[in-house]
Amino acid sequence: APLIVTLDGPAGVGKSTLARKLAGELGLAFLDTGAMFRAAAFTLGEGAWDWPQGVLQQKLGAFEFSLRGSGENTELLLGGQPLPEAIRSEETGRWASKLAVVPSVRAYMKMAQIFLGRTTSLVAEGRDMGTVVFPDARHKFFLDADPDERARRRCRQLEGQGRPADFAAIAASIRQRDDQDRNRSIAPLKPAPDAMLVDTTHLTEGEVLEAVLDRIRG
Ligand code: C5P
């Protein structure tokens with residue numbers, strides 16, 4: 001059976017960076033499940049969270065996510081195409097978070113993620129990988145960090161890309177998304193009972209990678 005490593009945690013905690021590096025070290029593909037929710041939000045547009053379940057089901061039924069390559073170069077494709085850079089905006093993140101409480105959307109995503117993990121060894125990164133989608137994963141990790149530190153990291157990341165970064169707005173957006181993700185009744189953000197907890201507030205990316213690799217390699 002494919003090897004599955006799960007990585008869950010709140011927005012801006014460094015999951016994507018870690019997932020990519022971990023996949024590189026272990027020679028697995030990485031699956032950014034937030035990007036799947038973002039791609040759905042971006043493609044369906046604002047307000048899709050209020051559509052009837054049947055309409056959402058039908059629209060999502062036409063989606064086709066796939067993975068190409070492995071390690072750091074893994075690509076997530078939708079309908080055979082790379083995802084647009086625009087899915088990375090804070091606005092699309094908030095839309096994704098709203099769409100993520102809709103039962104038919106969660107059911108679709110879970111099915112699509114399990115399907116990808118059936119044939120491909122994965123580092124699967126998101127909010128409910130260890131709790132809902134891959135409860136039998138070999139290794140589970142839950143990352144957390146102080147919210148202001150997460151907002152600072154997100155600002156640095158944006159500035160590194162030459163994009164404007166407003167700390168107050170980003171901190172507020174992160175807090176809003178955290179509340180939504182932790183307090184929803186369906187697949188709330190929380191550690192799986194058998195996940196290793198890693199508080200990354202005072203750790204460098206390299207230190208987090210080392211801690212996680214140590215655990216995996218025993
Ligand atoms: O991780 P990222 O910030 O890209 O995720 C965007 C949003 O998608 C999250 O705020 C969350 O509401 C939702 N999500 C989810 N379950 C996942 C991954 C993301 O509900 N496994």
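**View 1. Shell around the ligand in a predicted model, by residue class.** The shell around the ligand has 4 nonpolar, 5 polar and 5 charged residues. Nonpolar here covers Ala, Val, Leu, Ile, Met, Phe, Trp, Tyr, Cys and Pro, charged covers Asp, Glu, Lys and Arg, and the others, Gly among them, count as polar. This is a predicted model, in which local features need pLDDT of at least 70 and side-chain atom pairs count only at pLDDT 80 or more, while totals for chains, interfaces and linings use all residues. Residue numbers start from 1 along each chain as its sequence is written.

**View 2. Residues and elements around the ligand.** The ligand is surrounded by 14 residues, the closest being Gly34, Phe37, Ser97, Ala100 and Gly126 (near: C-beta atom, placed from the backbone, within 6 Å). Two or more residues each come from α2 (33–44), α4 (90–99) and α8 (167–183) (DSSP runs numbered from the N terminus; helices H or I, at least four residues; strands E, at least two). With 4 residues, α2 gives the most to this shell.

**View 3. Open sheet of 5 strands.** The strand order is β2-β6-β1-β7-β8, with parallel pairing (at least two DSSP bridges between two strands). Because β2 (29–32) and β8 (196–199) stand at the edges with a single partner strand each, one side of each has no neighbour in the sheet.

**View 4. Pairing of β1 and β7, with helix α9.** Strands β1 (residues 4–8) and β7 (residues 139–144) pair in the parallel sense over 4 bridges. Leu7 stands opposite Phe141 in β7. Helix α9 (residues 205–217) packs on the sheet and touches β1, β7 and β8 (contact: C-beta atoms, placed from the backbone, within 7 Å).

Notes: Contact = placed C-beta atoms within 7 Å. Axes fitted to C-alpha atoms, helices over the stretch in contact; angles between N-to-C directions.
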